[in-house]
Amino acid sequence: MFHLSSEEFFLSSDATVCTEVRSPQPNYPEHSHDFHELIIVSKGAGQHVLNDHVTNLAQNYICYISPKDRHLFDQVEDLYLTNILYRKNLLSYSPLLKQLLPHGPNDSPSWYISTETMRRVQPLLKQLDNECRRPTIDAKVMTEVLFQQLVVELARGRLTARSNNETDNKILNVIDWIQNNYAQDMSVGEIAEQFHLSSRTLSRHIKQVTNLSFNNYVHRVRINHAMNLLSYSDKSVTDIAFEVGYKDSNYFSTKFKRFTKQTPSDFR
Ligand code: RM4
Ligand code: NI
């Protein structure tokens, strides 16, 4: 594992915020940083492994990384994201702002934001990217103001089960739901009903957001969790197959190979 240090990225030793746009973000090995990082995914797919915990990336995914964390990107497909790097100790950082970012041990470090929020966030990111590269005092102040505004938007725009009814938001909720319930039997029809969508709309949007069909998306999520278990546990391949939602370990191995080009035991 390697360590990224502020000097490589920030404009000067007293710069507080900077952005790194990755269009696209390639696979990137495990690393940590001496700065804090906010990741904002605008499109594509892939795995994000944070402290050995795998999540699936999709549009509108937000993640907070602290200097204590390590993370990596793998299996990326056309992944576009912006990293917001910041030095918390140098920021004129309001204690209130801190409450808007994950801060307790039980806070999830990642979440999804609504499509309306993403629409408001994009121009902020552009402006931030521009201001943070200028060495003047006014640009420095503007950078911090934009950063604060961004944090507020990301917190307010957080998707919850009770978010409004726009189809796009429902799809993100479905994605979130699949990521937490991948081990269950599931069909497009049932999930569509549960989220008050038609099967056709659900399938079409899942494809749009993840680049995968509904079924392949579910397989992808299961295989990602299986990869995690193969790497970090000593459970048998058969147990892992069951644990991630397959009733038949041969079928699991076939799917695993299709997505990773390796058998589960080779991978391990
Ligand atoms: C990398 C990757 C890392 C980030 C650095 C700045 O491409 O996105 O997560 O820490 O850039
Ligand atoms: Ni990073």
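Where is Pro24 found? Pro24 lies in the loop between β2 and β3, where helices (H or I, at least four residues) and strands (E, at least two) are DSSP runs numbered from the N terminus.

## Basis of the report

This is a predicted model, in which local features need pLDDT of at least 70, side-chain atom pairs count only at pLDDT 80 or more, and totals for chains, interfaces and linings use all residues. Residues are numbered from 1 along each chain as its sequence is written, chains are lettered from A and ligands numbered from 1 in the order in which they are written, and side-chain values use heavy atoms, with hydrogens and water left out.

## Domains

The protein chain is divided into domain 1 (2-156) and domain 2 (166-267); such bounds come from an automatic or database domain assignment. The C-alpha centres of domain 1 and domain 2 lie 27 Å apart. In the contacts between them, 18 residues of domain 1 meet 18 residues of domain 2, contact being defined as heavy atoms within 4.5 Å.

## Nonpolar cores

A nonpolar core is a set of buried Ala, Val, Leu, Ile, Met, Phe, Trp, Tyr and Cys residues joined through side-chain atoms within 4.5 Å. Buried means under 20% relative accessible area, exposed means over 50%, and partly exposed lies in between (1.4 Å probe, protein chains only). The largest nonpolar core has 45 residues, and those with the most contacts inside it are Ile178, Ile191, Leu202 and Phe252. Helix α7 (residues 214-232) gives the most to this core, with 9 residues. Because domain 1 (2-156) and domain 2 (166-267) both give residues to this core, it lies between them.

Leaving aside residues up to four places away in sequence, Phe252 touches Ile223, Ala226, Val237, Ile240, Ala241, Val244, Tyr246 and Pro264. Apart from this core lies another, of 23 residues, among them Ile62, Tyr86, Tyr93 and Met118.

Strand β6 (residues 61-65) is largely enclosed by the rest of the structure, because 5 of its 5 residues are buried. Both faces of β6 are covered: Tyr61, Cys63 and Ile65 are buried on one side, and Ile62 and Tyr64 on the other.

Two strands pair if DSSP finds at least two bridges between them. Strand β4 (residues 36-50) pairs with β6 in the antiparallel sense over 4 bridges, and Cys63 in β6 is the bridge partner of Ile39. The pairing of β6 with strand β8 (residues 110-112) is also antiparallel, over 3 bridges; here Ser110 in β8 is the bridge partner of Cys63.

## Thr19 and its surroundings

Thr19 is found in strand β2 (residues 17-22) and is buried, with a relative accessible area of 1%. Its side chain makes a polar contact with the side chain of Asp129 (2.4 Å). A polar contact is a pair of N or O atoms within 3.5 Å; within protein, one must be able to donate a hydrogen and the other to accept it, and residues adjacent in sequence count only if both atoms are side-chain atoms. Not counting residues up to four places away in sequence, Thr19 touches Thr82, Asn83, Ile84, Leu128, Asp129, Cys132 and Arg133.

## Salt bridges

Side chains of opposite charge can pair when their charged atoms come close. A salt bridge is a side-chain nitrogen of Lys or Arg within 4 Å of a carboxyl oxygen of Asp or Glu, and by this rule the count comes to 10 salt bridges. Glu30 forms one with Arg70, the closest N and O atoms being 3.0 Å apart. This pair links distant parts of the chain, with Glu30 in strand β3 (residues 28-33) and Arg70 in the loop between β6 and β7 (71-86), 40 residues apart. Glu30 is partly exposed, at 21% relative accessible area, and Arg70 is partly exposed at 24%.

Arg133 forms a salt bridge with Asp129, with 2.7 Å between the closest N and O atoms. Arg133 counts as partly exposed at 46% relative accessibility, as does Asp129 at 22%. Another salt bridge joins the side chains of Glu131 and Arg134 (3.2 Å, N to O). Glu131 counts as buried at 13% relative accessibility, whereas Arg134 is partly exposed at 36%.

## Backbone features

Most residues other than glycine have a negative phi, and most peptide bonds are trans. A cis peptide bond joins Ser23 and Pro24, with omega about 5°. Asn51, in the loop between β4 and β5 (53-57), has a positive phi near 50°. Lys261, in the loop between α9 (249-260) and α10 (264-267), has a positive phi near 65° and is exposed, with a relative accessible area of 68%.
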